[in-house]
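Have a look at the picture before you read the solutions.

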Amino acid sequence: MFFIIKISFVLILVFSFKLLAGEETDSKNFEKPYEKNELKSGSYFSREETRAIEQDEFENPGMIWVERGSELFNIKIGSKNMSCASCHNKDNNSLLGAATFYPKIYKNKLINLEQKINICLKNNMNIEPYLLESNNLLSLSSFITHISKGLPMNVSIEGETEKYFQRGKEIYFERIGQMNLACNQCHDNLAGNYLRAEKISQGHVNGFPSYLMRWAQIASVHRRFQFCNNQARAEPLKIGHSDYNALQLYIAWRGNGLLLESPSVRR
Amino acid sequence: MANEERENWRRRLKVPKSAVKGDIITIKTMAEHVMEPGVRRDPETGVIYPKKIIDTVICRFNGEQIYRSQWYSGVSANPFMSFKMKAITSGLVEIEWVDDYGQSSYKKAVLIVYDKDGKEILPVKIDSINSNKDIM
């Protein structure tokens with residue numbers, strides 16, 4: 001009897017050690033600044049009136065782009081006389097949830113949704129790709145993101161992506177510009193406080209491509225990054241730069257679990 | 001096709017599909033437009049962007065003008081406008097946006113008004129048409 005108790009005690013000890021060891025391997029995982037229940041989308045920090053515009057589907061000016069995107073999606077163009085809808089429709093290759101995985105690895109390179117659309121246009125439809133940040137490309141990307149509205153963000157940082165993830169994290173914590181600011185100083189430490197007349201958000205990208213009132217048009221994540229860099233008086237990179245993709249990956253991973261709400265309306 | 005900027009400017013109009021007589025309905029409109037006030041400069045070249053705004057918006061119900069507004073350079077881009085209207089008869093709602101270049105664009109929608117018994121109230125009396133036919 002005593003032996004059995006002893007053995008079971010030893011077993012428990014061994015088991016608990018194993019558990020501890022398991023925890024150790026878990027601690028290898030990267031730390032997120034916000035727990036899942038602390039995650040707040042940007043609309044939480046925006047003003048009530050802005051939120052009202054965003055939630056009404058007619059009042060939301062971003063829907064203009066979504067409508068145009070859905071038209072572009074169905075128009076047959078190019079030498080092959082194909083439209084996006086001839087490959088991606090309800091029955092096969094549905095784009096439902098596609099936007100939640102980006103940025104993603106494609107042929108050993110990290111790309112975002114806009115770049116992926118261009119690759120698809122060039123390779124499969126044999127037409128000239130759109131310029132980055134052009135109106136048509138943003139329309140298409142906001143339409144595709146709008147399809148998966150309400151689904152949680154779910155980017156992966158495993159395998160090949162991890163290299164880019166580390167680079168993105170580096171950029172996020174790097175102090176830049178005349179202001180000597182890093183992203184985390186505001187978006188991790190001071191979120192919810194006022195910066196002049198506006199509340200600082202947690203800096204998630206779940207609402208992009210979003211309608212920015214200051215430019216009166218839809219803007220991609222990269223253009224917003226450029227604006228952020230400008231405000232820190234740093235020299236912005238070009239739209240579509242691989243560093244911006246890496247940064248977008250890190251930020252998207254930070255907000256994994258947030259629901260997509262494109263096209264959102266921000267000031 | 002590719003890389004042509006803003007080929008089709010969009011106009012949006014939302015009218016409730018049906019209403020009961022006497023209801024006050026909201027009509028919402030939105031126009032995609034740059035609404036360039038004519039004071040901004042290109043940051044690189046310094047050239048002033050020419051003024052281009054929507055300056056007149058006309059709303060018609062069954063062909064009759066019920067609402068007209070004059071806009072100036074302070075209106076935001078992609079202007080949203082809504083107004084309220086009392087539903088009396090069924091009819092065609094038309095909105096016309098006119099540029100300061102004289103270009104006009106328009107959008108229409110149909111409103112159907114029912115009375116309390118569920119009968120549609122037409123803008124023209126059918127009885128009178130029938131009686132006309134009898135005369136003919």
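This is a predicted model: local features need pLDDT of at least 70, side-chain atom pairs count only at pLDDT 80 or more; totals for chains, interfaces and linings use all residues.

**Exercise 1.** Find the domains of chain A and work out what the side of domain 1 of chain A that touches domain 2 of chain A is made of.

Solution. Start with the bounds: the domain assignment gives domain 1 as 36-55 + 151-266, and domain 2 as 62-147. Taken over C-alpha atoms, the centres of these two domains of chain A are 22 Å apart. Next, look at the contact, counting residues whose C-beta atoms lie within 7 Å: domain 1 puts in 26 residues and domain 2 puts in 23. On the domain 1 side, helix H8 (161-172), strand S5 (210-212) and helix H11 (242-254) of chain A each supply at least two residues. H11(A) has the largest share, with six residues. Finally, sort that side by class: 15 nonpolar, nine polar and two charged residues.

**Exercise 2.** Describe how chain A meets chain B.

Solution. Count first: 14 residues of chain A and 15 residues of chain B make the contact. Then ask who gives the most on the chain A side: that's helix H4 (residues 62-74) of chain A, with three residues. By class, this side of chain A has eight nonpolar, two polar and four charged residues.

**Exercise 3.** Trace the five-stranded open sheet of chain B.

Solution. Walk across in the order S2-S8-S7-S4-S5, and you'll find mixed pairing. At the edges sit strand S2 (18-20) and strand S5 (64-70) of chain B, each pairing on one side only. Neighbouring strands are turned by 25° on average, direction ignored. Now zoom in on one pair: S2(B) runs parallel to strand S8 (residues 104-114) of chain B over three bridges. One bridge joins B:Val20 to B:Tyr114 in S8(B).

Note on methods:
Residues are numbered from 1 along each chain as its sequence is written. Chains are lettered from A and ligands numbered from 1 in the order in which they are written. Domain bounds come from an automatic or database domain assignment. Two residues are in contact if their C-beta atoms, placed from the backbone, lie within 7 Å. Helices (H or I, at least four residues) and strands (E, at least two) are DSSP runs, numbered from the N terminus. Ala, Val, Leu, Ile, Met, Phe, Trp, Tyr, Cys and Pro count as nonpolar, Asp, Glu, Lys and Arg as charged, and the others, Gly among them, as polar. Two strands pair if DSSP finds at least two bridges between them. Axes are lines fitted to C-alpha atoms, for helices over the stretch in contact, and angles run from 0 to 180 degrees between N-to-C directions.
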